[in-house]
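Open the model in your viewer and keep the selection tool at hand. The tour goes stop by stop.

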Amino acid sequence: MRIFLVATLFISLFAYADPAPVTYTVNDKNITLPGEKYKSGYGYNLEADTVLRLVTLNWPPYIDDNLCNKGWLYQLTVSMLVKRGYGVHIEFYPWARAVREAELGKADILFPEYYIDDDVISENILTKTRNQLLALSEPIPGGDLSFVALKDHTIDYDGSINSVKNRVMGVVRSYKNSAKLDELIDQGEIKTIVANSEYQLIHLLLNGRVELIVADLEVLRASVYKSLLSNRDKKRMLNALVALMPSIEYKNLYYSVTKSASQWQSILEDINTEIANMHANNEFDSFIKNKKQQCYNLG
């Protein structure tokens, strides 16, 4: 089964790789921006006085270049910034490349980010911490980070990282996980194999190269949903994966604004104002529910 699943798990590339319209509400009026292809990405409200360059990654179901409307996080991000009067130029990269673009000041905003502790060193400027280069926004909703195994596993997990630290784990390059887990990995107390994406993590697990992978199960599920597998084979693959309980931790999402930008503080303030307004009006749940796509219904 493992060989079959790995051999047939393909990503449906370029299915929706066109500018996605973004609809948002101002004073109870719906406004739709069609978007346009711009440089190596997409552009919105490009006539604005300030056009921000954003870098992100394919991370379904939150955001993905090949999702219908590119996911709720894409819709949220563009709409929040356009409502504040900015133009938006958004590009998709592998995560390590996106982080590099932001840390070197080539992009204004990196997203979505997990919380970053102050002692985390940049992988691009080794004399600086991540937080010396990038400023985190207030949090927005995210998901559970978990140890994911095959359902037929014999792993004895008691909810502590120590109970599985002797297991070989798959992690995504340049992702920050939990502080404790990253510390054990950095100290060499946990053996890891590094992948470039959650899609590759699934390969590592199905091939038996790792015993656990560290991921948001919803992201793994979305990677299966967007593949070219038949509905039957998608269900078989989904049934092979299980998140060990309890999760490692719930992970809010954040925006990272580069401090190289001359107006980074005002950009951050505008983002935080929009986030605060949505929290105050309890709008996040309804926005996410309305924006989540129906592309993954297996019937």
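This is a predicted model: local features need pLDDT of at least 70, side-chain atom pairs count only at pLDDT 80 or more; totals for chains, interfaces and linings use all residues.

**Stop 1: helix 7 and helix 8**

Sort the selected residues by class. The contact of helix 7 with helix 8 holds 4 nonpolar and 2 charged residues, and no polar ones. Now widen the selection to both helices, residues 217–225 for helix 7 and residues 231–240 for helix 8. Their axes come within 9 Å and cross at roughly 160°. Because an angle over 145 degrees counts as roughly antiparallel, helix 7 is roughly antiparallel to helix 8. The crossing of helix 7 and helix 8 is right-handed.

**Stop 2: helix 2 and helix 9**

Select residues 72–83 for helix 2 and residues 264–280 for helix 9.

Next, show the side chains. From helix 2, pick Leu76, Met80, Leu81 and Lys83. From helix 9, pick Ile271, Glu274, Ile275 and Met278. These residues make the contact. By class, 6 are nonpolar, 2 are charged and none is polar.

**Stop 3: the backbone**

Most residues other than glycine have a negative phi, and most peptide bonds are trans. The next selections depart from that pattern.

Which bond joins Met245 and Pro246, cis or trans? The peptide bond there is cis, with omega about 0°. Pro246 is in the loop between strand 13 (241–243) and strand 14 (249–258).

Move to Phe111 and Pro112. The peptide bond from Phe111 to Pro112 is cis too, with omega near -10°. Pro112 is found in strand 7, residues 109–113.

Now select Asp28, in the loop between strand 1 (22–26) and strand 2 (29–33). Asp28 is not a glycine, yet its phi is positive, about 65°. Is Asp28 buried or exposed? Asp28 is exposed, with a relative accessible area of 78%.

Finish at Lys39. This residue is in the loop between strand 3 (36–38) and strand 4 (41–44). Lys39 has a positive phi of about 50°, although it is not a glycine. Lys39 counts as exposed, at 68% relative accessibility.

Technical notes: Residues are numbered from 1 along each chain as its sequence is written. Side-chain values use heavy atoms; hydrogens and water are left out. Axes are lines fitted to C-alpha atoms, for helices over the stretch in contact, and angles run from 0 to 180 degrees between N-to-C directions. Helices (H or I, at least four residues) and strands (E, at least two) are DSSP runs, numbered from the N terminus. Contact means heavy atoms within 4.5 Å. Ala, Val, Leu, Ile, Met, Phe, Trp, Tyr, Cys and Pro count as nonpolar, Asp, Glu, Lys and Arg as charged, and the others, Gly among them, as polar. Angles under 35 degrees count as roughly parallel, over 145 as roughly antiparallel, 65 to 115 as roughly perpendicular and the rest as oblique. A crossing is left-handed if the near helix is turned anticlockwise from the far one by less than a right angle, and right-handed if clockwise. Buried means under 20% relative accessible area, exposed over 50%, partly exposed in between (1.4 Å probe, protein chains only).
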